[in-house]
Amino acid sequence: MTALAAVTVAGASLLPFGYLFFTGISANEIRTQLSYPATTGALVQTLVLTVLVCGLTALLGAACAVLVTRTTAPVPRLLTVLFTLPLAVPGFVGAYAIYAAELVFAPGLGVVTSLPGAGCVLALSLFPYVFLPCLIALRGVDPSLEEVVVTLRGSKLSAFRAVSLPALRPALAAGLLIVALHVLSEYGAMVQLGRSTLTTKIMAEMIDYGDYRSARSLSLLLVGLASLVLLVTRWLAGRGWVTDVARGTARPPRRASLGAWRLPVTALALLVPLLAVGPTVLMTVRGLLVRRPTSATAWSDVGPALSTTVGYAVAAALVATAVALPVSWWVTRHPSLPAQLTERAVWLAHAIPSAILALALVFLATRLVPALYKSPAVLVAAYVILFLPLAVANQRVGLQAVRRAYGDVAASLGSRPARTFTRIHLPLGSSGFIAGAILVALDASKELTATLMLLPFNAGTLSTKLWATTNGESLDFSAAAPYAALLVLIGIVPVYLLVRHTLAPLGPTQAGAGHQADRPAATGSGQDLISTLSAHE
Amino acid sequence: MTSSSPKSTGGAQVRRGRLSGRATIAFLALSVLALATACGGSSPTTADNPSTSPNSTSTTLTVYTDQHAELVESLTKAYTDATGVTFNIQNDATVGQIQAEGDQAKADVFLSEDPSPVALLGKDGLLAPVEESTLQQVRPGLSSGQDLWVAYAARARVLFYNPTKVAESELPVKLADITEPQYKGTFAWAPSGAFVATTQYLLSTWGEDKTTSFLKELKENGVNEQKNGKVRDTVEAGQHAMGLSNHYYWWILAAEKGGPDQLTSKIHHFPTEDPGNLVLSSGAAVLKSSQNAAEAQKFLAWLTSKDGGQQVIAGPVEVSGAQYPVATGVASSVVGDLDAIKSPAFDMDVLADSEQAEELLKRLGMSSG
């Protein structure tokens, strides 16, 4: 039952790829495209940027997580919120803000639009995706394990290497997967940063040259790259896991004293969120202050856009949560090859440019459910397909945090699997469910490309309204300011909820989540018991 | 002992059913609520409000457009005020979306920014011819040669320059001069649609060899800033002395900054008839599949008429985006009369069918994206 539902979900999320094949792609087209120097250049740049941004986000994400969980840096909670804040800023807004800020305050510098500069800008906006899982993993590490290593080897550093670093691996893999796929499919920010990637080439074929066949063919190449990312991150996650050692009470890991470095290190760390969201806040506030009376944006327009945005985001989060469940449940409880493949398949749709996905949905909706085309249902479906992986990934973490023993105990007391699920896994794994839903809502509220195409006529979300103020290919921050301000402000709510959730007091069941983020803590008998039980489903 | 065990399992089963059932109902209720909010959020704007229109025609035209949202909003609002006809607007529309919709195509009218989308739709056989009287209202040479679309606005290719970096007297006299050695590294360009159109024009007048060597030299001499807006911004910031772009980018920035005198950079039109002054149309077309063809044709007639849409396009930057009106006898209150631009004459449909230019630019590594 679960398997059938999971496969159905994965199949549905792969449906857009049917469009790629159905409407025609050709290897010839790809070959012709690759004969152009700019396309091969774009391909190389895509790879370089992906590697660069992954490297930077891994460093930033892990370092910030260590700082917050393992050192005596002041106000760790506030720091956590600040490190997560970049998630509230849509990619194209942040990129244009920093570009505009450079033009205003340091014209002629050209740092932001250079390859390393663009890499840094992207990394600053994406590193929370690595920071959050690292934070969870580090908090979950059982301090007694590190203490054991310290007594054996006498070095705190080697204790960290032996215990916490392996725990970080799956967290890094999970975060980097999201980061890499974001870099691959990013359009708006790349354009603002003057970078040429496979996705900007695909969009140019569509928008500038009206050559959809080439666009679809190049998309296939992008799918290839995404598959590579899926393989590499799977390898990065590793096969080893820390066995859940029995312990009575959970306690937070020890913190290393920063001593005299406490303030300088914190100041340096504060630079990260400052650089990430500072330009957006600066340009938005500046835009609000210098607003001319002629600025077309009326605050009265903002209200409907806000409620539309929130409505769609919440709907997408709820549907994605429900739909992700069979996939995450199946892959957590029965990590067989089919289950793993199903889980990986869900990620593929995350990697193609959302404009291609939207076109595919236009194609499918007008043929399968013509009455629903241009209705909210299709847009919500698009959000669900796009952001389903975020829900699946977080639900997995949540479900894996639930000790198998609890399920076994419930089963031995005669509880059926479904009841065990609603009484044990759902409540204990809820943090993963909620985190997934929040991330889906957050990303849906920022989405632009698919929204533009599938939004019901005359409706507007904050993103599309903000986009509509772009004049002369650049954001006019005086007209866009109200929308930008609101987008960031409503983004702060889920970010805060997310952080509060992540920092919830450690319970015995939550500790250890990080160890097994990609691997169940299976004990032989438990595994068998669960399989026997679910055979009844 | 053995008999009590199944009983208790049974009891658990019943309770489980009730519990998860309740959870499911709660979840579904929440989902429906959220969806309702989503629909509700959009409805105030979606609802065509016949009660507020002067006469109560219930016609609604669906307009697909890639033109600046503000201009389309100004135009459709003015038409609604005048006739009561309301609009469904798809912004950032692409030919691809219309193709993907197939038989379910929604659009009655397409309003393009560059000539190529309407030309492409025409080539695909998706357009119905525009009424002759409508075409007559517009200056000759700007609309489709096959009467498949009508020009309703126009933009001109220009050279921006920053007087702190280069004196007006030192500017190139014609576009072809920009490849001269003294301009090396001093100017920006962008591989925009208008740049493709310029290339296509050069191909048809200069031939492939001369165009190819010109483009190679231009690439060598200049800096690719990817987007026309960036060409403007970087010239204004003094990063480049000059930049090839479209006229209205400069006027939009001027309006944002509080007037043309607030900008450092200036606009240069080449003094004689020159490919550097190319004028490109924004086109309006009626889709063959339209169920409201008659109403759609009426809208196009209004859009191109001296006292209708052209007045909106002649208006201030905030509504017109500083485009040139194209009806005979109408000049822009911002940028003046289109006749002042010394653009060479050419067939707009030929220019928009720019596959040859695109191929050449891609081969030279000068394509967009």
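I began with helix α13 (residues 262-289) of chain A, which bends by about 45 degrees at A:Val277, with a proline, A:Pro279, following within four residues. The bend at a residue is the angle between axes fitted to the seven residues ending there and the seven starting there. Helices (H or I, at least four residues) and strands (E, at least two) are DSSP runs, numbered from the N terminus.

I noted that the model is predicted: local features need pLDDT of at least 70, side-chain atom pairs count only at pLDDT 80 or more, and totals for chains, interfaces and linings use all residues. Residues are numbered from 1 along each chain as its sequence is written, while chains are lettered from A and ligands numbered from 1 in the order in which they are written.

Next I looked up which residues of α13(A) are buried, and found A:Val277 and A:Pro279 among them, including also A:Ala269, A:Val272 and A:Met283. A residue is buried if 20 or more other C-beta atoms lie within 10 Å of its own, exposed if 12 or fewer, and partly exposed in between, with C-beta atoms placed from the backbone. The buried residues of α13(A) pack against α3 (37-70), α4 (76-84), α5 (91-105), α6 (115-126) and α23 (477-502) of chain A.

For chain A as a whole I recorded 24 helices and zero strands. Of its 537 residues, 58% count as buried. Contacts with a separation of 6 or more come to 85% from residues 24 or more positions apart; two residues are in contact if their C-beta atoms, placed from the backbone, lie within 7 Å.

I then picked A:Val163, in helix α9 (residues 156-185) of chain A. A:Val163 counts as buried because it has 23 C-beta neighbours inside 10 Å. Leaving out residues up to four places away in sequence, A:Val163 touches A:Val141, A:Leu145, A:Glu146 and A:Val149. A:Val149 is 14 residues from A:Val163 along the chain, and their C-alpha atoms are separated by 8.1 Å.

Last, I turned to chain B. Strand β1 (residues 60-65) of chain B has five of its six residues buried, so it is largely enclosed by the rest of the structure. Five bridges join β1(B) to strand β2 (residues 86-90) of chain B, and the two run parallel; strands pair if DSSP finds at least two bridges between them. B:Leu61 stands opposite B:Phe87 in β2(B). Three bridges join β1(B) to strand β3 (residues 109-111) of chain B, also parallel, and there B:Tyr64 has B:Phe110 as its bridge partner.
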